[in-house]
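Please keep the sequence and the model side by side while reading.

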Amino acid sequence: MKGKINYSVTDGIAILEVDNPPVNPLSDGVRHGLIESMEKAESDDSVVGIVLTGKGRSFIAGADISEFGQQIEGPSIHDAFEKIEKSTKPVIAAINGSALGGGLETALCCHYRVSSKQGFIGLPEVNLGLLPGAGGTQRLPRLVGPAEALKIMLSGRHIPAVKALDMGVIDSLSEGDIVEDAVAFAKDVAEKNETHPLVRDLNEKVLAARGDESIISEARALAAKTRKGQFAPGKIIQCVEEAINLDDFDEGMKKEAEYFIECLLNPQREAMIHIFFGERAASKINDVPKETPKMDINKAGIIGSGTMGGGIAMCFANIGIPVHIVDQDEENLKKGLAAIERNYKFMVDRGRMSAEQMEKTFGLISSGLSYEEISDVDIVIEAVYENLDLKLEIFKKLDEAVKDDAILASNTSGLDVDALADCTKRPGKVVGTHFFSPANVMRLLEVVRGEKTSDETLATIMSLGKALKKAPVVSLNAPGFIGNRMLFGYTTQANKLLLEGALPHQVDSALENFGMSMGPFRMLDLVGLDLGWRARKLSGTESPITAKINDALCDLDRYGQKNGKGFYNYVEGSRAPHPAPENEAIYEQVSKDNGFERREISDQEIIDRCILALVNEGAKILEEGVAQRSGDMDVVYINGYGFPIWRGGPMQYANMEGLDVISAKIDEFANNDPEFWRKADLIESLSETKGRFGDAPAPEDRKPVSGFNKSSVAGNL
Ligand code: 3HC
């Protein structure tokens, strides 16, 4: 049969198996195949019912995301769904794995839904800048009620089968073979029932919601809080309003189609789909073959029980891997474990985990004072403060203490991973794993590839990163790696703007309105202004101009949030920043002392200078081969630095603005500051060909790396 559906008949039940690996999206061949197989089953008198299932680990993972924005020929999803919904024979969705987006929408067109225990459902279109456009916004509210449906669609979360059963999305849970159970279910309903229910006809819950304004206002509040700046959530809410208020289901479907097109045409859709594919591409390493063997990670060790060490330990425990923390100081260890326990208790209080789950998960974390206790672990992650000498000492000891084939990883944010590798007898097993704080929350994991890191180590870490629910991105071992190197230019520009006449709250609000989750001065206050100040003092080096205001504030004991005053003032017990007018005289003085004439600066100039600093440095990182592809930098910025996902990351933002426009702006800035604005050759060449960053071939040679400091604190911000 043409199309990607395997057709067979068992006991009078036609089994339609979607076969579009690896996750069975509703690509053209699937839509064709569904229509043909439904017609075949319908016209075969020996068939009394139809089971629809998926081959492999997925039922149907939704529409084929790669088709969005393309010219599509052949039958639409709606054509295929009509065949299912209008079938005279009962159609049972046998959900064997992920039923997401168009996959759940397919199941909602079936008369009945049975799921295996591994099955899960969800409408994650919002994460792609879209809304469920194949009836999901009209059918799900009819099944679970508009309030619950809105929560599902606005969060995009995955719901396990057991929960879906409770909610009434599925009718039965299979304990054994899902297809066999679905066939039995089909035979039973075909025999017993003359008519079979359709979700489109269930009006009770939408009618009950009519006139209840709280449902929509709560959804709007949720979207404002969790999806700031995004276009699709508002459209999802409008669709549900239509489902509630329109008497005719098909009229609701028309509205859904109208709003879906609006989302499809919105630039946010392109940006967010770029990140969907970007994250998947980032997990692959160009010169590490797919078939590279990976080590099993069954037990982990962590060195250091501070905030980072504790957060990383939680990541392992959360996925069921036992983890042992070693600290040299008993008091520290006690404090660290208490902090982990508090984090878990907080999750229990918020209903994010049950007390039993907490007991089980926290129980996977053990601790002690000696390296001997971690002799049998498969990986150790060192998470002490950023000092190369200390880390070298730890790596030497670890090399002796843990089994020979264990991976030794450093959670460094900027130190030389090759230096760490070279002090061990296993340089191939040494790698950087740069987690972001708080490590149990932030998704970014920068994987730092040393000169000698083996393919097996890299493949293992990339797969471990995914298992830990992180977004792993590979960086060569080069100063600042990817994220902090780009950040350096961004904060340099923010500080220069301050010297030239802008105020911290103006810079922050311009960038927050652009979509950054936190402006640079709020971020500096959060991290602590004194860190860089102390490091500069210790090293005895002259501060760069861009650190002069920071230093002047520290000289007046303004260290940031930690003591209630920095670029902003803070009221005790609150993290909300209040402008600090008393600082303005300091800014004026430092500007004057350093030859700056303060002037009015527009929000657009702030955005351009800070964001293009990221883009220009990103382009240089790409030229040097420190990052494998431009999308990797977008994944870094979205998952680690609060860049708005709906802009697709800094490199995609530049692509969408046009690299010729970006190039011209950099030229203009270079007139005043040629040293900083040395334009990347890549931007120049792509702007001439009207190209995009994704078009640049990955460099074959890795350039030699130099310039690491012994401590990465001062370099970070
Ligand atoms: N369309 C096209 N390709 C898809 C896809 C989809 N819906 N879902 C996954 N893929 C591809 C991935 O790009 C990846 O390709 P690669 O191997 O070349 O990198 C491959 O399938 C495997 O994907 P993952 O690495 O993500 O596999 P996992 O096993 O980790 O996760 C999953 C499986 C949970 C299904 C995850 O892939 C996922 O969340 N997929 C997207 C689900 C989704 O967003 N569905 C909604 C689509 S939009 C829609 O349906 C619109 C409709 O309402 C009209």
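The model is predicted: local features need pLDDT of at least 70, side-chain atom pairs count only at pLDDT 80 or more, and totals for chains, interfaces and linings use all residues. Residues are numbered from 1 along each chain as its sequence is written, and side-chain values use heavy atoms, with hydrogens and water left out.

## The ligand site

Which atoms of Ala61, Glu125 and Lys284 lie by N or O atoms of the ligand? The table lists these polar contacts (pairs of N or O atoms within 3.5 Å; within protein, one must be able to donate a hydrogen and the other to accept it, and residues adjacent in sequence count only if both atoms are side-chain atoms).

| Residue | Protein atom | Ligand atom | Distance |
|---|---|---|---|
| Ala61 | backbone N or O | nitrogen | 2.9 Å |
| Glu125 | polar side-chain atom | oxygen | 2.5 Å |
| Lys284 | polar side-chain atom | oxygen | 2.5 Å |

On its own the ligand has 990 Å² of accessible area, and the protein covers 79% of it. Accessible areas come from the Shrake-Rupley method with a 1.4 Å probe; for residues, only the protein chains shown count as cover.

Helices (H or I, at least four residues) and strands (E, at least two) are DSSP runs, numbered from the N terminus.

## Helix α12

The expected span of a helix is 1.5 Å times one less than its number of residues. For the 16 residues of α12 that gives 22 Å, and its end C-alpha atoms are 22 Å apart, which agrees. At the start of α12, a side-chain oxygen of Asn266 comes within 2.9 Å of the backbone nitrogen of Gln268.

Buried means under 20% relative accessible area, exposed over 50%, and partly exposed in between (1.4 Å probe, protein chains only). The buried residues of α12 include Gln268, Ala271, Ile275 and Glu279. Contact means heavy atoms within 4.5 Å. Elements covering the buried part of α12 include α11 (249-265), α18 (455-467), β18 (471-476), α26 (630-640) and α27 (650-657).

## Helix α27

Six of the eight residues of α27 are buried, so α27 is largely enclosed by the rest of the structure. Its buried residues pack against several helices, including α12, α19 (483-500) and α28 (659-672). Just after α27, Gly658 takes a positive phi of about 105°.

Gln652 lies in α27. Is Gln652 buried or exposed? Gln652 is buried, with a relative accessible area of 3%. Its side chain makes a polar contact of 3.3 Å with that of Glu270. Not counting residues up to four places away in sequence, Gln652 also touches Ala271, His274, Asp634, Arg647 and Arg692.

## Ile394

Ile394 belongs to helix α16 (residues 388-401). Ile394 is buried, at 7% relative accessible area. Ile394 touches Ile303, Tyr371, Glu382 and Val384, leaving aside residues up to four places away in sequence. Ala93 is 301 residues from Ile394 along the chain, and their C-alpha atoms are separated by 55 Å.
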